[in-house]
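Please consult the sequence and the model alongside the text.

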Amino acid sequence: MSEDEIKENQIETETEKEPEAAPPVEELLLPRDTLLSAGIHIGTRIKTLDMEPFIYRVRPDGLFVLDVKKTDDRIRVAAKFLARFEPSKVAVAASRLYAQEPIKKFCEVTNATPLIGRFIPGMLSNPLYPNRVEPEVIVVSDPRADAQAVKEASNVGIPIVALCSTDNEFAGVDLVIPTNNKGRRALAVVFWLLARQVLRERGELAVDKDPSVTIEDFEAKISREEEEEG
């Protein structure tokens, strides 16, 4: 065997012995298991073209599943955006029952303005309405359920951040957070994470600390009777 052949064999052997590179560590705002157990990835059996880029797969039962990493990324982006505004100029709207408690807690923690329950026409656009609010940005828990808020905010040029499931369209929405926007636990987790990230972006909370309120505090406590009425 020539000297060149011997060197080639040595190189091949050394290459074979080199350990494989470790897969990159996934860095999410909460452990993946926590996010999945809350169901933030669970969509509906309807898929819109707008939401297609955020969909990971479809389950055998027909439910579309969202990409958790993309949800995580958008929570970070939305928090950076919201942190730029004066807290009281951030309005958060929710007509769905399961979203009302998470939004109430979000507003308590971040000093944002809650718009809970039925959105009264003219609340943003009618200067003669006595309870008019004048936010600089608005967050909605579901652009379909909160369509009036989206319409008015869009008409007066207020940026809109929206939690969107697989069946939502983006008309009027400026920034989408893809997530389960109907589940009780999912809404609690997403709004808790968003609140935590907003506080961290403002410098009001250390990057390795959590708010004093828990995810459980954000979760809606609704009786069967209230649910049926809603």
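Two strands are taken to pair if DSSP finds at least two bridges between them. Helices (H or I, at least four residues) and strands (E, at least two) are DSSP runs, numbered from the N terminus.

## Basis of the description

The model is predicted: local features need pLDDT of at least 70, side-chain atom pairs count only at pLDDT 80 or more, and totals for chains, interfaces and linings use all residues. Residues are numbered from 1 along each chain as its sequence is written, and side-chain values use heavy atoms, with hydrogens and water left out.

## Overall architecture

The chain contains eight helices and seven strands. Of its 230 residues, 47% are buried; buried means under 20% relative accessible area, exposed over 50%, and partly exposed in between (1.4 Å probe, protein chains only).

Contacts are counted where heavy atoms lie within 4.5 Å. Among the contacts in the chain with a separation of 6 or more, 58% are between residues 24 or more positions apart. The chain exposes about 12,600 Å², and carbon and sulfur atoms supply 49% of that area. Accessible areas come from the Shrake-Rupley method with a 1.4 Å probe; for residues, only the protein chains shown count as cover.

Strand S6 spans residues 160-164. It is largely enclosed by the rest of the structure, because five of its five residues are buried. Both faces of S6 are covered: Ile160, Ala162 and Cys164 are buried on one side, and Val161 and Leu163 on the other.

S6 runs parallel to S5, to which three bridges join it. Ile138 has Ile160 of S6 as its bridge partner. S6 also runs parallel to S7, and four bridges join these two strands. Here Leu163 stands opposite Ile177 of S7.

## The β-α-β unit and helix H5

S5, H5 and S6 make a right-handed β-α-β unit. A crossover is right-handed if, with the strands pointing away from the viewer, the path from the first strand over the helix to the second runs clockwise.

Within H5, the residues Ala149, Val150, Glu152 and Ala153 are buried. Their cover includes strand S3 (90-94), together with S5 and S6. Just after H5, Gly157 takes a positive phi of about 80°.

## Helix H4

Which residues of H4 are buried? They are Tyr98, Ala99, Gln100, Pro102, Ile103, Lys105, Phe106, Cys107, Val109 and Thr110. Because 10 of the 14 residues of H4 are buried, this helix is largely enclosed by the rest of the structure.

H4 is followed by Asn111, whose phi is positive, near 65°.

## Salt bridges

A salt bridge is a side-chain nitrogen of Lys or Arg within 4 Å of a carboxyl oxygen of Asp or Glu. By this rule the count comes to 13. One of them joins Arg59 and Asp61, with the closest N and O atoms 2.6 Å apart. Arg59 is partly exposed at 27% relative accessibility, and Asp61 is partly exposed at 35%. Another joins Lys69 and Asp73, where the closest N and O atoms are 2.7 Å apart. These two residues are four apart in helix H3 (residues 68-82), so about one helical turn separates them. Lys69 is partly exposed, at 31% relative accessibility, and Asp73 is likewise partly exposed, with a relative accessible area of 31%.

The side chains of Arg144 and Asp167 also meet in a salt bridge (3.3 Å, N to O). This pair links distant parts of the chain, 23 residues apart: Arg144 lies in the loop between S5 (137-140) and H5 (147-155), and Asp167 in the loop between S6 and S7 (175-178). Arg144 counts as partly exposed at 46% relative accessibility, whereas Asp167 counts as buried at 10%. Lys182 joins Arg144 and Asp167 in a network of salt bridges.

## The loop between H6 and H7

Ala206 lies in the loop between helix H6 (184-202) and helix H7 (215-218). Ala206 is partly exposed, with a relative accessible area of 37%. The C-alpha atoms of Ala206 and Arg196 are separated by 9.7 Å, the two residues being 10 apart along the chain.
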